[in-house]
Amino acid sequence: MANTIVALATPLGRSGIGVVRLSGKDSLSFAASLCDGRNFDPEPRRAYLRSIFDIETGEPIDEAILTYFKAPHSFTGEDVIEISCHGSPVLLRQVLDACLRLGARMAEPGEFSLRALANGRMNLAEAEAIRDLIDAQTAASARQAVRQMRGEFSHTLQPIKDDLLDAIVVLESALEFVEDDLPEMQAAGIRQKLGDTAENIGRIATTFRAGKLIRDGLRVTLVGRPNVGKSSLFNAFLGSDRAIVTEIPGTTRDQIHERFVVNDIPVSLIDTACLRETEDVVESIGVERSRMAMADADLVVVLIDASEKVSKEDIEILRSVEELPHIVVANKIDKISGSDENACFEEITAEFSNRQTEIAAVSAKQGTGIDRLKKAIVTRFAPDTDNGSGFLVTDARHHDLLVRARDEIESSIALLDQKTSEEIVLVGLHNALRYLGQITGETTTEDMLTRIFSTFCIGK
Ligand SMILES: Nc1nc2c(ncn2[C@@H]2O[C@H](COP(=O)(O)OP(=O)(O)OP(=O)(O)O)[C@@H](O)[C@H]2O)c(=O)[nH]1
Ligand SMILES: [Mg+2]
């Protein structure tokens, strides 16, 4: 890791300021070259206003602020230089090119964070939290990422790892010193401790359901026969005329995606082409896409027209979602009276008496029932959506490792109960410890790290 890396730390686009970041032992000398080779001997953590020159023509290209972070007191733990230029994409490209010509290498995605990890500036869970913070789509998701970035997850895991290690030490020493079995009292103590540990890990793992929802949100797909008001409902959800609405059946021919946020949960909403048999090539591709969007969705919203009798087409669509998580929405209730509404519900419930079909009534046109429907969609997935008071596991990798660690401990407990030799009980406990260590990175292999850091953005 001796070489010096460079990347743009801000997005490449027009902006007030654009930051080029260098990390590695030559950062300072590269920065000095950019400032026309003048003796640039900055005090660490102080901002210096300098002219930046083209290293070949010697022409000034910008006035920039340079800040030097001396190793090991920097983000990466190496010498770091941040050059805050004016945010012109052309200029930033020039400064980056100059750094490359001086001998820097373009940073890989997440390479700054990887170096920070290698130099002990943060652990793996904290580095992943920075990625999640940058990617956060909602305030709640950002809040969780900050908690993890500040070490809350690692701190929660530490006592669990300590307890596990205590149990391992006792079992190991029993192996070394005694020929006979562990004394009954001690065995009971260890069993208790391991039981508590497995339970604690399990409790943390269960927060993933809410954590995943806050981070990744929900995919909701609207389906229904032509003209039931899918695009109208789509627009009502978003509060804007995003999709085209007409009285002509088959108006929407392709999928339209948009996002909105309800109760801190990002919802990715898909309006689809109506599901109908068609000879039209374009429309049939649209229908095929609608089917795929249905299969991928966390929730399918099936629309029916409350002002018309439930048709054969409606029934067919309702049948096709039987195996998928779905709700039924009766639209256009502005066109009917309350008793007709009930009749429409009864028709559906009669048809599907064998399953629990949730039915909501709305008027997409007038906005009636829309907020209630939005809330019903998210609360179905997070009845107890965390209000941010508890720490949530948001990463599938972490969840998987927690579950594996808990399972290993539970099998070890079972072996202990069967009075299996300590040697065998210990295998599972060591595995559990290794899994927990992979969350914070102590026991993570090189290729796992490469895979994890490839999900980071360049410049981070
Ligand atoms: N009265 C009333 N009319 C509605 C309501 N929702 C939609 N409509 C009307 O129904 C017609 C079809 O609406 P769309 O939103 O285009 O229906 P769609 O399901 O997207 O139709 P396709 O894309 O053709 O499948 C339009 O004339 C809308 O104005 C509603 O809640 N009440
Ligand atoms: Mg439509």
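Of the 117 residues in the largest nonpolar core, Ala 31, Val 302 and Leu 436 touch the most other members. A nonpolar core here is a set of buried Ala, Val, Leu, Ile, Met, Phe, Trp, Tyr and Cys residues joined through C-beta atoms within 7 Å. A residue is buried if 20 or more other C-beta atoms lie within 10 Å of its own, exposed if 12 or fewer, and partly exposed in between, with C-beta atoms placed from the backbone. Helix 6 (residues 152–177) gives the most to this core, with 8 residues. Helices (H or I, at least four residues) and strands (E, at least two) are DSSP runs, numbered from the N terminus. Leaving aside neighbours within four places in sequence, Ala 31 is in contact with Leu 22, Phe 40, Leu 66, Ile 81 and Ile 83; contact requires C-beta atoms, placed from the backbone, within 7 Å.

This is a predicted model, in which local features need pLDDT of at least 70 and side-chain atom pairs count only at pLDDT 80 or more, while totals for chains, interfaces and linings use all residues. Residues are numbered from 1 along each chain as its sequence is written, and chains are lettered from A and ligands numbered from 1 in the order in which they are written.

The protein as a whole has 16 helices and 12 strands. Its radius of gyration, taken over C-alpha atoms, is 29 Å, whereas a compact globule of 460 residues would have one near 23 Å; the globule rule is 2.2 Å times the number of residues to the power 0.38. Along the principal axes, the C-alpha atoms fill a box of roughly 80 × 80 × 40 Å. Buried residues make up 40% of the 460 residues. Of the contacts with a separation of 6 or more, 68% are between residues 24 or more positions apart.

Two strands pair if DSSP finds at least two bridges between them. Strand 10 and strand 11 run parallel and are joined by 6 bridges. Asp 305 has Asn 331 of strand 11 as its bridge partner.

Helix 9 (residues 230–238) is mostly covered, with 8 of its 9 residues buried. What covers these buried residues includes strand 7 (218–224), strand 8 (256–262), strand 9 (265–271) and helix 13 (370–381). Just after helix 9, Gly 239 takes a positive phi of about 75°.

Some backbone details remain. Most residues other than glycine have a negative phi, and most peptide bonds are trans. Asn 263, in the loop between strand 8 and strand 9, has a positive phi of about 45°. Asn 263 counts as partly exposed because it has 17 C-beta neighbours inside 10 Å. Lys 332, in the loop between strand 11 and helix 12 (338–351), has a positive phi near 70°. Lys 332 counts as buried, with 23 C-beta neighbours inside 10 Å. The peptide bond from Ala 71 to Pro 72 is cis, with omega near 0°.

Notes:
Two residues are in contact if their C-beta atoms, placed from the backbone, lie within 7 Å.
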